[in-house]
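Please read this note with the structure open beside you, and look up each place as it is named.

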Amino acid sequence: MIRQVSSSVIRSLSAHGGKSQVPKKFVGTARCLSTSPWANYEMAPLDPIIGLTEQYNQDSFPQKVIVGVGAYRDDGGKPYILPCVREAEDRLFKKHLDMEYSGIAGDANFVEESLKFGYGEDCVALQENRVQGVQALSGTGGLRVMGELLRKNGHRHIYVPNPTWGNHKAIFTNAGLEVKTYAYYDAESSSLDFDSLVKDLKDIPSGSAVLLHACAHNPTGMDPTMDQWKEISSICKERGLLPFFDMAYQGFASGCAATDAAALRMFVDEGHLVCTIQSFSKNFGLYGHRVGTLSVVGATEEEAQKVVSQLKLVIRPMYSNPPRHGARIVQTILSDPMLREDWEVQCAGMAARINTMRTVLRERLSAVGSSRNWNHITKQIGMFAFSGLSKEQVMKMREKHHVYCTLDGRISMAGVTSGNADYIAEAIHDVSK
Amino acid sequence: MAKATLGLISVFLYGWSVVCGFSLDASTPTKAAASLWQDVPQGPPDAILGIAQAFRACEDPKKVNVCVGAYRTSEGNPWVLPSVRKAEGIMLENNEIKEYLPIEGDAAFVEKALQFAYGKNAPLDRIAGVQTLSGTGACRIGGAFLNAFLPGRTIYIPDPSWGNHKKIFEACGLTVQTYRYYERSQNGLDFEGMLEDIQTAPKGSIMLLHACAHNPTGCDPTPAQWQQIYQSILERDHVAFFDSAYQGFASGDSEQDAGALRAAVDAGLPVLLAQSFAKNFGLYGERCGTLSVVCGTAAQKDLVMSQLKCIIRPMYSSPPRHGSSIVKTVLSDEPLTEQYYEECASMANRIVDMRTKLVEKLHEVGSTHDWSHVTQQIGMFAFTGMSSDMCDQLTEEYSIFLTRDGRISIAGLNDNNLEYVAKAVHAVTDGKSITSN
């Protein structure tokens, strides 16, 4: 049938343009070449983080190392599937659940467990049902949906720390918000520049949304102390700012879920009506399953529900409803005390290995003769070490040593192993001496 | 005495609050914060999913769900295809990792998916394909791409179309218009109207075409009609954006259901394709699909890929891997693929069977209307011709849940509820028109 169709098309084309000499199989191609709407496009740049992986994959150097994307690796450099995740998956498989649509807001049970996990079971606002949320496509998806809702609700700007995760700007810009920054990091001293942070926060227009990394700031690994968080909270109150928490490392930073959520919980206790993104990519190792939540704390239960109903209006024309599998895994674990305990141990194990590697890397840098101050590597918390290497040094490290990290000098500590720590230390030392 | 005690207690509490450094009003929202969300109105429920919600909440034991387009067995249950379940088992045995997929998704899956749609000999070297969150995600990415790179052009969707199309494309920033499609007075395709609207649309417009099993009407152009549609599209330099959500599910033969798409590519149209595996693989909630752009050369393909990635990354970074792994596993294994084709055909066959039985039953219970369109239509839905009032009556009096445009999901029918539904439909349509709504 298709062949017949082609010949009739050719006959009619011949009648119109005398193209009877064009061989049958090239008719489609020829037409496309001459009239293709895509003919004048520019090649878009590679993503600064994910594009790194693409470059790395094309490198054939045997000792190449990638410390780019924030994905955990075990000491053998291999991806790690948490045993509690595997156990949960096995149980789910035996249940032979259906794959029906889960609803625009996703799995209600999953969202409920996740909010308890994030806000704490004893969170008063949660108990009063003033915390309501939806399942989101991990962190990115939640940020994008919230950004779009803020814009719909009259927001024009959002304030993010300088520096911040490489994708934040693109997400919020595409949501229609102008991205501004507040001071955060002092590169000279490799530490939190709290005085400048406070000064900038006080200048932010009332009512603005302010993005805060709940723990394990990406890329710097420098978090405010609890006292500093309290001061940030006061300023937000005075200025009437909307705290927008991005929590991608709960449990993964200190090894303890409650500790890592302490800043968020304190804000909610203090009466802030926050919005929060939770990602389960790193702490549950569910990267590719895109599991997360987006939630708001409302003045009342009704108000929070209204916001959720508006979030659904953003989600439906974007992807209709979220994927089930990863959410089911998280829900299985969080709702089973024994699996939950297993998770705590396994997540803490990941955090511990990373901490060990921080110490090891710092020692090796000293051992290879570097005279630079590398204290920040052990001072910082979470997945990344913000090395302080310049763009040029990073490029040299890629080209000469085939060690790949992002141009801002951010090193994913999860990619450091006892097997490659020496090599990495040597490479860093070589480009920075 | 009581007053004094209360006084003491409040002094004590105040003192305690000072010592602990918290406010007694700890859980009361800050003033500024309290005003942030207070003017947010309640969002309206989604037309289709809202009805599904209403169905769940309904307590009538006779209730029937013929609303959402999800397949049901003859027992009225969701069905996970055995080949899909088998694939999941294989994935577990292989200890599949859970790493991030690339922004563009699982390349091996995308290859299989595109071959499934475009054919085994598809010119994949010049088709830019990305994994998406099922059909909605594909339409969104495709629409965003068109809005960015063919700015100012209007997208034309059929009247009627799937309820979410308009919202998706408007969210992309596109202007959405309609072309005539269905003639309700004939309960059939308004082909002349369709062709005329395609021919009069401004040059270079985007035409959204349902690849097969048009939703909600179930009414597809014939191959000859498709050819005329392609001619008009070519003459007007339009772009053909196919939405394929029912390949294999419509006729039971996935090669046949892909005929219109493949003929368009052969005819040299600039083609985009939004592909969903929700229905034909039963993967609904796992959100599995692709968006592809047929380019002229491999170099163009690379350019387009790079731009599609720029749309995806700030939206959700990368797609979910479970559903795509399942499809990849099935389509990479010959026996499993064969098993899949049989299972998909069985779904289509049960639906065709139910169409026939519904019309028979309607006549049996006394309806004198011409219901032939119900058996002629193809795919998941029957576009009955009932008015919104009749639909409301069906829901309120008979607890039969359908969308208010008269669309019935045939998959929701079975031998247990067929007579009930037929009687109810007859009751609300008897003596009234089903061709003037």
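The numbered points below concern a predicted model.

1. The interface of the two chains brings 99 residues of chain B into contact with 97 residues of chain A, and the area buried between them is about 8400 Å², with carbon and sulfur atoms giving 62% of it.

2. Five salt bridges are found across this interface, and one of them joins the side chains of B:Lys309 and A:Glu54, with 3.0 Å from N to O. Helix H12 of chain B (residues 298–316) gives the largest share of the side that touches chain A, namely twelve residues, and by class that side of chain B has 54 nonpolar, 24 polar and 21 charged residues.

3. In chain A, an unreviewed UniProt entry annotates residues 64–428 as "domain: Aminotransferase class I/classII large"; over these residues the chain is 47% helix and 15% strand.

4. Most residues other than glycine have a negative phi, and most peptide bonds are trans, so the following places deserve a careful look. The peptide bond from B:Asp159 to B:Pro160 is cis, with omega near 5°, and B:Pro160 lies in the loop between strand S3 and helix H7 of chain B. Another cis bond joins B:Asn215 and B:Pro216, where omega is about 20°.

How values were computed: Residues are numbered from 1 along each chain as its sequence is written. Chains are lettered from A and ligands numbered from 1 in the order in which they are written. This is a predicted model: local features need pLDDT of at least 70, side-chain atom pairs count only at pLDDT 80 or more; totals for chains, interfaces and linings use all residues. Side-chain values use heavy atoms; hydrogens and water are left out. Contact means heavy atoms within 4.5 Å. Buried area is the accessible area (1.4 Å probe) that two parts lose on being put together, summed over both. A salt bridge is a side-chain nitrogen of Lys or Arg within 4 Å of a carboxyl oxygen of Asp or Glu. Helices (H or I, at least four residues) and strands (E, at least two) are DSSP runs, numbered from the N terminus. Ala, Val, Leu, Ile, Met, Phe, Trp, Tyr, Cys and Pro count as nonpolar, Asp, Glu, Lys and Arg as charged, and the others, Gly among them, as polar. UniProt positions are given in the numbering used here, feature names are shortened, and annotations may be inferred rather than shown by experiment.
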